[in-house]
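Please consult the sequence and structure shown below.

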Amino acid sequence: MRIPLRLNRAGWPSLGLPRRICFPDPRDLLRPEQIAAPEVFSERVSILLLSGTRKTTRPGRHRQSDALLVKALGQQRPVVLDVGASDGSTALDLLTTLGDAFASYFVTDRALSLRVRTDDRGRAFFYDADGACVLAATPRLLFYPAAEGLRWLPRWASPWLQGGIPPYDPAYPEVSLVQPRLQELARRDARVVLKTHDIFQPWDGPAPTVIKAANLLNRAYFSDDQLRQAMRNFWRALAPDGLLLVIDNRDIEKASLFARTEGGFRHIDSIHGGTEIRPLALSC
Ligand SMILES: C[S@@+](CC[C@H](N)C(=O)[O-])C[C@H]1O[C@@H](n2cnc3c(N)ncnc32)[C@H](O)[C@@H]1O
């Protein structure tokens, strides 16, 4: 993010400003029961930026990749590990496509919730698990104090903006970043589990037969060494012959499906040329 400031659309309703400078109001996440549609929830989660990675997501963006996976699964009932799932919209899509034909589904992300402090001026401050303020939302402005682009602000602006941020307190209320419908599904169906998981740490759950990593393993976010480390973690976690689906939705939906082998990964199929990290996946 070049300049870590945006307008809060709620404060400028009639101006019709472009989406790239005027974002939807993240404070709506504090009242999820008032959010009418899953797309509206996703729009709010998508404006978050945590440790250099965006939480961008929306329902319906993996249709062709999910179809490729389901075809490869045949009659198998997979144990799915969905990493970097953001608000879980695309997990809900795959769960719908699988119907009842799955053994368990782990919806994971490094951050499934944030702590939020509000005040009587209508401001909300969002903090990650390390206590860093990742977003300060006022009725008219959005400020990303942890973003790289701070150096582009005028010299006086950054201390002024940062100075208004209250110190972190672990007692601040926790706000879920997971789609309410998925939270509800996880309460009803013990096979659906919401779990915090960092792809650079070993997976500590049951061995998945499918790992899905969408819009996460890309070079804009991570170095090749980090990507290799994530791939090795996936390889260690997967059951023998397990499948790895890697998706990129930048211009069009691109995806590659790999099978775990004794020594690494084998390419099964790709759509629209596949993921940019295909060579790296095959050599890790
Ligand atoms: C661009 S979103 C992709 C969301 C969803 N998979 C999709 O395709 O719509 C990337 C997600 O990866 C998560 N993420 C970033 N680094 C991660 C890490 N080291 N381990 C697990 N998740 C991570 C972010 O929190 C974010 O929710």
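The side chain of R6 reaches the backbone oxygen of I3 at 2.8 Å, and that of R6 also reaches the backbone oxygen of R20 at 2.9 Å. A polar contact is a pair of N or O atoms within 3.5 Å; within protein, one must be able to donate a hydrogen and the other to accept it, and residues adjacent in sequence count only if both atoms are side-chain atoms. This is a predicted model, in which local features need pLDDT of at least 70 and side-chain atom pairs count only at pLDDT 80 or more, while totals for chains, interfaces and linings use all residues. Residues are numbered from 1 along each chain as its sequence is written, and side-chain values use heavy atoms, with hydrogens and water left out.

**R6 and its setting**
- R6 is found in strand β1 (residues 5–8); strands (E, at least two residues) and helices (H or I, at least four) are DSSP runs, numbered from the N terminus.
- R6 counts as buried because its relative accessibility is 16%; buried means under 20% relative accessible area, exposed over 50%, and partly exposed in between (1.4 Å probe, protein chains only).

- Among the 21 residues around the ligand, T57, R61, G84, D109 and N215 come nearest; a residue is near a molecule if one of its heavy atoms lies within 4 Å of it.
- The shell around the ligand has nine polar, six nonpolar and six charged residues, where Ala, Val, Leu, Ile, Met, Phe, Trp, Tyr, Cys and Pro count as nonpolar, Asp, Glu, Lys and Arg as charged, and the others, Gly among them, as polar.
- An oxygen atom of the ligand is 2.6 Å from an N or O atom in the side chain of D109.
- For the side chain of N215, an N or O atom is 2.7 Å from an oxygen atom of the ligand.
- A polar backbone atom of I199 is 3.0 Å from a nitrogen atom of the ligand.

**Helix α3**
- Seven of the 10 residues of helix α3 (residues 89–98) are buried, and the helix is mostly covered.
- The buried residues in α3 are S89, T90, A91, L92, L94, L95 and L98.
- G99, with a positive phi near 65°, follows α3.

**Positive phi outside glycine**
- S51, which is not a glycine, has a positive phi of about 45°.
- The loop between β3 (49–50) and β4 (53–54) holds S51, which counts as exposed because its relative accessibility is 57%.
- S86, a residue other than glycine, has a positive phi near 55°.
- S86 lies in the loop between β5 (79–83) and α3, and S86 is buried, with a relative accessible area of 5%.
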